[in-house]
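Here is a short tour for anyone who likes to read a fold through its contacts. Have the coordinates open as you go.

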Amino acid sequence: MSEFAGHLCWDKVEAGNVISTEAVSPSRAVFFATHAPLRISRRASDNVDQEYGGEVVGEEDVRRDFLGRTMANGVLLMPVVGGSGSGKSHLVRWVKECTESTPQRHVIYLEKARTSLKSIVDALLAEVEGSQFDQLRSDVLRMGAEITLAGLKQRLLNYLQEALTEAEARSGPERLLVGPGKLELILLDPVLREHMLQEGRLIPRLAEHLWADRGAGNPERQLSFTEDDLPLNLLNIDDAAVATKRLCTLIQTRPDLQKAALDLLNRHLDVAVMNATNMGVGRLQNAMIDIRKEFARRRQEIVLLIEDFALIQGIQRDLLESIIEVGVRDGSEVLAPIRTLLAITPGPYRDLVDTVTTRIKATTPYAYYLEQQFDGGPDAIADAASFVGRYLNAARVGVQGLEGRADPTNAVPNRCDDCRFREQCHAGFGVSREGHGLYPFNEKALERLIRSRARLDSSGNLLFNPRSVVGEVVRNVLVEHADAIRSGAFPEPRFREEYPAGANGKRMLAAVREELTELDPTDADRRITFVEFWGGAPDRPVNLHPSLHDAFRIRRLEDLETTDQTSPRRKQQDKRPDPDRTQDPAPRPDEKMPASLVKFMNDIERWANGGAELSQGTARELRSVISQAVVRRAQWLDPLAPEPSSELMKKVWPNRSTIVSIEGAVGEALNVSNAAIRFTRSDRNAVFFQGILKARAGIIEGNVAHIRRLNEIAETNRKRLQDAICAAREANENHLATAVRVALFGAALAGRALPGMSLTGLLNASLDPGHGWVRHDQDIRTTAWRNAWDQHRRGRPQLVAGIREAIGVAQGRGAVTMLDTARILPYLHDAADSWAWDVQEDDVPEWAKTAAKGLADWNLLLEEQAAALHELLQGIRALLPKGARGRETVESVKAALESAVKVGIKVPDDLRSVREMNERALNCEWSVVHRLEQDLDRLNQTSVDDQTRQRKLVVAAATDRSEHLQFSMDFLSDSHTWLSASLEEARMRESNSGEGALRELDRLLERWATAAGVDMP
């Protein structure tokens, strides 16, 4: 390993002391050592909204103009305008360091870091004596001794309320808010007052600002009321007074009143500050006028340097009035001339122009504008390198080495000149225009780092903030990452997290990152960061300059070319997008991708870099490709089942994140932990996504591996899809077993399936929808049995259709043409073995519930029906005992009927119906009585086991006994009724007359009674 590895040419503690983000913090020597020329333009003083243009000048031009310009009436107010971090405070500091007090000039310097009221008053009153000055100093000091910070907050509200009470309206809306009982009520109501005193609100921040100097890192912004400070939307507003609530409601509903309220509050804030801090309104103005009188007596002019006017809270009005007060009256110099260099941000400057525009124009016709120091132009990165190089060199020299060179004319030595690694280091990392080595950066790394902190102007140009470059880039790397550089762990993972590419940075393609991971799996993350930052995010894996590898202890890969400043090229070209990734990626010309595919590629690249969500359209396209691959791979043969309909497929396998989850995609469901297929945000997945979309568009070359992975995903998940379809159909094994049992028992209700039938017969009965089924013994069925059958019959077509769909196969998505009956035979066999209803409610599929509803009391149905049949049999045997033949009994009844008619014995009135019943009885299957008797006898055998008895119970109860069983009972019962009456009449007439015909009838009736086994009267 090279000696250069892990070399630190700076001490991180010294670097932290030297490099400061605040213009006022460094010592004079450090300030000059790191000073770089500023971009300054001179424009009309009232041209506030012009962003660019004007005459370009340097710092010395500003200083000469400021100190040499002839003053009108003893007053010069020269604004230095610029945004936060643009360098306006740096320019004021530079003028201060180059401008000393002399017998003719007194310099007053108001630092932006010293914002407390005491610090400001001390600076303004320095070197002047007098009772009025002493009293002012004493009053300000007394504020700290007599008033607590909490008390100051309360006093600010109190005096602001007093100022509003006495305020004068300047506009129509203000008339509704000024005076007693108006806007000042908000500051008196305890509920609203509590809101305004909450941490982070204006009043607490203003009090802290006045109380103590501004801390490091505190925001530089003018403290004024905004809409958020108005207590209009409080949840506890109902606790406020009625008048206060009414006023808040009125202000809330009228934007013009909101603006008027803010104008009033901000306009009287200075008055509240003056009174709350014991200074009193106008005292500072009077003191400054007295100071000018004193220096007029000394014949000295005052040079007032204000680093940030917006931070001089509470005394701006008094100070401004005193520095624009004319000093020459009636030809005599009454007040000392005063030159004011005023650094101010555009917003407050615009307000300042509106207030004193005439006086500003009278003192100077223009203002100096600090342009953004790095504007994204062709020389921007070289300018940034020059800027950074000064700080790097100052950090290497250290504080002690700089302090002896506090004079701006005494140049700071370049530490690179005597460094033994100079040649090796500069060859790899590069140098600035001034010859300062850029290690541990190079220009490409600087560009990436600076862009991560950049913003865009209104024209879309990149604007770099010098303060961000110094503090968040240079200082952070030299101090916070020094140990990692020394140990060979740099760039560590947190480095990349600290500097995301965002919208402005050039990003490495996911395909390149993925290939680097394959080439260097043990140190992939560090190498990817290294190549992306220090290599400028090349379009293919490369080695960088050997010095960069040596310094960071990142080994060079043998199969890659080495490149640094030129565009890298792989030894083996492969087809990938070659984007200018500061904009959207674009395809290589030889790929000829359609615009829609290019958009998908761009979306995936931005997603892979972690800074953007994957767009909804791209995510939907990817989910469609992946989910459909699974659908195409699914096989509906194991188990055999029809291909699901498109409606069912959409329901079970929708194109949503619940099926294919993509981390960081727009519209991703909150809970996707159960998603079938999940993709995290990674380079590997990004390259895969791009590959399958290209392949679908017909670009197969280079994407075979991605197609293979897609097939593997499909194969892995097809069983999950099949199971999901099966579950949606409610056709899993438990569902099928239950459905078959329901179908079999339902067929038994209809008398179509009974124990003892062949398995084929039972299968056919179970799979019959039962449309034409009719029970011929309906009249002897119990009410419960009939209800159960009616319920089952309504749901049986859906039941059978569900079974057929679960075990069937079709041509495409047509009707089922073949059934996998082997799949349900075991379930049918189990059901036919036990004939018991041992079914769990959860195992009944939805499509079987109607058919199954009446079967829940299966055993009770069987027992009740068997009991009813036994009772019917007893009735029959009472009229037709065992051994008696039914046909012979019918012949006897017929003969008796005809004999009775012949001798005139009374017979039923409807003789024709009786004769028809007799004829029908001759054709009746009297064997049904014997078969029922046999079935019931077998059921009542005491030696059978429970399962055997259950089977015999089903046979006895469910067998269709035909209409003959009930008819036999009806025939016997009706015949017994009229024959009994006829026999009684025949005997009476025989005893009286002794006629032969009657005696013949009596013999026939006796024969019938004997055959029927009944007792005759």
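The report below covers a sheet, a pair of packed helices, a loop residue and some salt bridges. Please keep in mind that this is a predicted model.

**The sheet**

Let us begin with the strands. An open sheet is built from 7 strands with mixed pairing, and their order is S2-S1-S9-S3-S8-S5-S4. Strand S2 (55-57) and strand S4 (105-110) are at the edges; each has a single partner strand, so one side of each has no neighbour in the sheet. On average, neighbouring strands of this sheet are turned by 25° against each other, direction ignored.

Within the sheet, strand S1 (residues 40-44) and strand S9 (residues 366-370) run antiparallel and are joined by 5 bridges. In this pairing, Ile40 is found opposite Leu370 in S9. At another place, helix H5 (residues 117-125) lies across S4 and strand S5 (301-306), and its direction makes an angle of about 175° with S4.

**Two packed helices**

Two packed helices are described by the angle between their axes and the distance between the axes. For helix H26 (residues 616-633) and helix H28 (residues 683-696), the angle is about 75° and the axes are 10 Å apart. H26 and H28 are therefore roughly perpendicular to each other.

Which residues of H26 and H28 meet? On the H26 side they are Glu621, Leu622, Val625 and Ile626, and on the H28 side Phe688, Phe689, Ile692, Leu693 and Arg696. The residues of this contact divide into 7 nonpolar, no polar and 2 charged.

**Salt bridges**

The whole structure holds 50 salt bridges.

| Pair | N to O distance |
|---|---|
| Arg420 and Glu3 | 3.2 Å |
| Arg696 and Glu621 | 2.2 Å |
| Glu715 and Arg633 | 3.1 Å |

The salt bridge between the side chains of Arg420 and Glu3 links distant parts of the chain, 417 residues apart. Arg420 sits in the loop between helix H16 (380-403) and helix H17 (422-429), while Glu3 belongs to the segment before helix H1 (12-18). Both Arg420 and Glu3 are exposed.

With a relative accessible area of 48%, Arg696 is partly exposed.

Glu715 is partly exposed at a relative accessible area of 36%, and Arg633 is partly exposed at 28%.

Beyond these pairs, salt bridges link Arg42, Glu55, Asp65 and Arg69 in a network.

**A glutamate in a loop**

One more residue deserves a look. Glu492 is in the loop between helix H20 (482-487) and helix H21 (493-498). Is Glu492 buried or exposed? Its relative accessible area is 12%, and buried means under 20%, so Glu492 counts as buried. Leaving aside neighbours within four places in sequence, Glu492 has contacts with His481 and Ala484.

Key
Residues are numbered from 1 along each chain as its sequence is written. This is a predicted model: local features need pLDDT of at least 70, side-chain atom pairs count only at pLDDT 80 or more; totals for chains, interfaces and linings use all residues. Side-chain values use heavy atoms; hydrogens and water are left out. Two strands pair if DSSP finds at least two bridges between them. Helices (H or I, at least four residues) and strands (E, at least two) are DSSP runs, numbered from the N terminus. Axes are lines fitted to C-alpha atoms, for helices over the stretch in contact, and angles run from 0 to 180 degrees between N-to-C directions. Contact means heavy atoms within 4.5 Å. Angles under 35 degrees count as roughly parallel, over 145 as roughly antiparallel, 65 to 115 as roughly perpendicular and the rest as oblique. Ala, Val, Leu, Ile, Met, Phe, Trp, Tyr, Cys and Pro count as nonpolar, Asp, Glu, Lys and Arg as charged, and the others, Gly among them, as polar. Buried means under 20% relative accessible area, exposed over 50%, partly exposed in between (1.4 Å probe, protein chains only). A salt bridge is a side-chain nitrogen of Lys or Arg within 4 Å of a carboxyl oxygen of Asp or Glu.
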